[in-house]
Amino acid sequence: MKVRGIVLACGNSQSPMITDGDRFEVRRVAERPGKAEVDAVLADSGDKRLVVHGTDADLNAVVLRLLRTERLADVPIGYVPADPRSEVARLWGLPTDRGRALDVALSGDPDRVPLVRDDVGGVLVGLGSLGPVRGVGYGDDTVVLRGQASRLEVTPDPEGGPGLVVHVIHKRLFGKKVTSTAARAFQLGCLPVQVNSDGVAHPRPMGKWTWYRHTEDLRLIRGVQ
C-alpha cells in the first residue's frame, strides 16, 4: 500500500508512541516545531498528507508554517490530539482516541475550514482567549464589548459563518452570561491584557488585538471515506 502521510510526532513524552506503519512514516520533532523542522518535512512531502500528533499548540505551529510557505492549498492536514481536552477536536468533531484519530487523518477527506490569523503574525486553529478585560471590541461593525468582561473567547466558526465566533463572558453570582457574535474579524482596544492562542500565552500583555479570517482556508481532514 502506498504511503499516504507523514506523521509529525511533536514531543509527545506523555503520549503513547506512534511508530511507522504501512500507510505512513513518522518524523519526530520538538514541541511546537519551527521553521527548520517543518519546512524540511514539507520539502519531502510531495502529494502526501501531513498529520500532526501533539497538542493544539503543536498543530498551530505546523499550520503557521503551511501559511508562511504558501502550502495551505496543496497540503491536507490531519490531527491526532495528544490531549483529550483538545479545543480543536471539540470544535471540529475529531476523535480524541489515538487509533481512531489516526485512521481519520489517513483515510478521511479534507474539508475546508476557516483559518484565523492575528495582527502580530500568528494563527489560531482552536481557542483564543483573554481576560478579565476592559475596553471596546468590534465583531466587524458590531460592538460586542464596551466596558468590562470576565473573559473573551474566539474560535474559528464551525457553522459555516463569516469566519470566527466571539464569545463575551460575564460571570454572575449564579452562573454566567455569554453573548456570541459571528464575524469575519474581531478587533479589540483595551487596558493591557494577557492573550492566549491555542494554549500559548503571548510574550507580553497587549492593549490592542485583532483576529481575522485568512483569505485561504485550512484543508483539515475530518471525515472517513
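This is a predicted model: local features need pLDDT of at least 70, side-chain atom pairs count only at pLDDT 80 or more; totals for chains, interfaces and linings use all residues.

Trainee: Which residue of strand 10 is the bridge partner of Tyr 138?
Mentor: Strands of a sheet pair through backbone hydrogen bonds, either parallel or antiparallel. Here, Tyr 138 has Val 143 of strand 10 as its bridge partner. Strand 9 (residues 133-139) and strand 10 (residues 142-149) run antiparallel, joined by seven bridges. Two residues lie between the strands of this hairpin, and Asp 140 takes a positive phi near 55° there.

Trainee: How many bridges does strand 9 share with strand 14?
Mentor: Five, and the pairing is again in the antiparallel sense. Strand 14 covers residues 185-193. Within strand 14, Gly 189 is the bridge partner of Val 136.

Trainee: Which residues of strand 9 are on the covered face, and which on the uncovered one?
Mentor: In a regular strand the side chains alternate between the two faces of the sheet. In strand 9 the covered face holds Val 133, Gly 135, Gly 137 and Gly 139. Arg 134, Val 136 and Tyr 138 make up the uncovered face.

Trainee: What is the strand order in the open sheet of six strands?
Mentor: The order is 13-12-11-8-15-16, with antiparallel pairing. Strand 13 (176-183) and strand 16 (200-201) are at the edges with a single partner strand each, so one side of each has no neighbour in the sheet. Strand 16 pairs with strand 15 (residues 195-197) over two bridges. Asn 196 has Ala 201 of strand 16 as its bridge partner.

Trainee: Now the helices. At what angle do the axes of helix 1 and helix 2 cross?
Mentor: Two packed helices are described by the angle between their axes and the distance between the axes. Helix 1 (residues 35-45) and helix 2 (residues 56-68) cross at roughly 65°, with axes that come within 10 Å. The crossing is right-handed. Lys 35, Val 38, Asp 39 and Leu 42 of helix 1 make the contact with Val 62, Arg 65 and Leu 66 of helix 2. By type, these residues are four nonpolar, three charged and no polar.

Trainee: How many helices and strands are in the chain?
Mentor: Four helices and 18 strands. The radius of gyration is 18 Å, close to the 17 Å from the globule rule for 225 residues, so the chain is as compact as a globular protein of that length. Buried residues make up 50% of the chain.

Notes. Residues are numbered from 1 along each chain as its sequence is written. Side-chain values use heavy atoms; hydrogens and water are left out. Axes are lines fitted to C-alpha atoms, for helices over the stretch in contact, and angles run from 0 to 180 degrees between N-to-C directions. A crossing is left-handed if the near helix is turned anticlockwise from the far one by less than a right angle, and right-handed if clockwise. Contact means heavy atoms within 4.5 Å. Ala, Val, Leu, Ile, Met, Phe, Trp, Tyr, Cys and Pro count as nonpolar, Asp, Glu, Lys and Arg as charged, and the others, Gly among them, as polar. Buried means under 20% relative accessible area, exposed over 50%, partly exposed in between (1.4 Å probe, protein chains only). Two strands pair if DSSP finds at least two bridges between them. The radius of gyration is taken over C-alpha atoms; the globule rule is 2.2 Å times the number of residues to the power 0.38.
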